[in-house]
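Student: I have the model open. Walk me through it, one question at a time.

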Amino acid sequence: MRRRTIREAFNAGETLVFGHRGAMAQAPMNTLAAFELARGQGAAGIELDLQLSRDGHLVVIHDDAVDATTDGVGAVAELTLAEIKRLDAGSWFSDSFAGEAVPTLDDVFDAFGGALLINIEIKSSRDSVDRMERQLAQCIGRHNMSERIIVSCFDPVVLRRVRGLMPTVMMGFLYQPDMPAAHYLPIKKLWHEARHPRHDMVDEGYMNWARAQGYIVNAWTVNDPQRAIALRDLGVNAIITDAPGHIISALKQC
């Protein structure tokens with residue numbers, strides 16, 4: 001059975017729910033356990049954060065350092081994949097998740113590529129992103145995932161470089177109200193399919209503008225059910241939330 005592409009999903013007229021770093025309200029963020037929980041709760045997709053290890057592997061972790069979400073210390077960019085894989089990425093959240101590992105993007109694609117749409121947020125700096133682009137392109141190709149993902153980033157320069165290497169992969173520009181005006185200049189020169197605004201930026205005027213520009217709108221991070229309902233009624237394409245089951249339940253009831 002043919003899998004629905006991410007373009008088809010965004011354009012189907014329904015508001016999709018993506019688990020922010022998985023179902024991170026109930027499981028350790030950016031772990032296979034959190035992604036599995038999001039799938040079990042009915043999420044259409046997951047959002048995850050991507051960093052590059054010292055030896056050039058794509059690892060799924062939010063912070064530049066491993067200190068906050070593992071039992072280790074140090075910068076992700078200064079640790080090898082083997083060193084990162086030895087870390088416990090679950091106990092900080094709950095003893096019931098003890099031994100949960102930091103996954104690679106390959107791990108995520110292997111486990112969920114056929115079941116979930118995936119929003120990949122690039123977190124690494126511009127200094128490392130050139131290596132990351134190439135590793136990401138190869139990983140996407142190995143798993144035949146080019147039509148099942150969207151790549152997002154707050155840095156428009158990074159998105160421009162990604163576009164150059166992966167011209168057919170969907171891209172979303174992440175932003176929030178306090179970003180300086182100069183930050184937007186590079187994105188005006190780059191076609192990208194989606195805007196990823198912080199949810200409080202979205203109102204009827206915003207949606208009218210986005211539709212006129214031809215943008216898909218994926219709003220983050222939405223944990224209040226009433227706000228999720230309002231965003232759906234405004235016509236956003238996707239809601240990114242820490243608690244996908246909670247938001248999905250609210251959307252079904254109204």
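Student: Which exposed residues does the face of α7 turned away from its buried side carry?
Tutor: This is a predicted model, where local features need pLDDT of at least 70, side-chain atom pairs count only at pLDDT 80 or more, and totals for chains, interfaces and linings use all residues. Residues are numbered from 1 along each chain as its sequence is written, and side-chain values use heavy atoms, without hydrogens and water. Buried means under 20% relative accessible area, exposed over 50%, and partly exposed in between (1.4 Å probe, protein chains only). On the face of α7 turned away from the buried side, the exposed residues are Glu204 and Ala212.

Student: What arc do the buried residues of α7 cover around the axis?
Tutor: Helix α7 spans residues 204-213, and its buried residues are Tyr206, Met207 and Ala210. Helices (H or I, at least four residues) and strands (E, at least two) are DSSP runs, numbered from the N terminus. The arc is that of the directions from the helix axis to the C-beta atoms. These three sit on the same side of α7 because they cover an arc of only 95°.

Student: Which elements do the buried residues of α7 pack against?
Tutor: Take contact as heavy atoms within 4.5 Å. The partners of the buried α7 residues are then β6, β7, β8 (216-219) and α8 (225-234).

Student: Which residue caps the N-terminal end of α7?
Tutor: Look for a polar contact: a pair of N or O atoms within 3.5 Å; within protein, one must be able to donate a hydrogen and the other to accept it, and residues adjacent in sequence count only if both atoms are side-chain atoms. A side-chain oxygen lies 3.2 Å from the backbone nitrogen of Gly205. That oxygen belongs to the capping residue, Asp203.

Student: How many salt bridges does a search of the whole structure find?
Tutor: Side chains of opposite charge can pair when their charged atoms come close. The criterion is a side-chain nitrogen of Lys or Arg within 4 Å of a carboxyl oxygen of Asp or Glu. By that test, the salt bridges in the whole structure number eleven.

Student: What phi does Asn30 take?
Tutor: Asn30 is found in the loop between β1 and α2. Its relative accessible area is 3%, so Asn30 is buried. Asn30 is not a glycine, yet its phi is positive, at about 60°.

Student: How many residues has the largest nonpolar core?
Tutor: A nonpolar core is a set of buried Ala, Val, Leu, Ile, Met, Phe, Trp, Tyr and Cys residues joined through side-chain atoms within 4.5 Å. Ile149 is among the residues with the most contacts inside the largest one. The residues in that core number 56.
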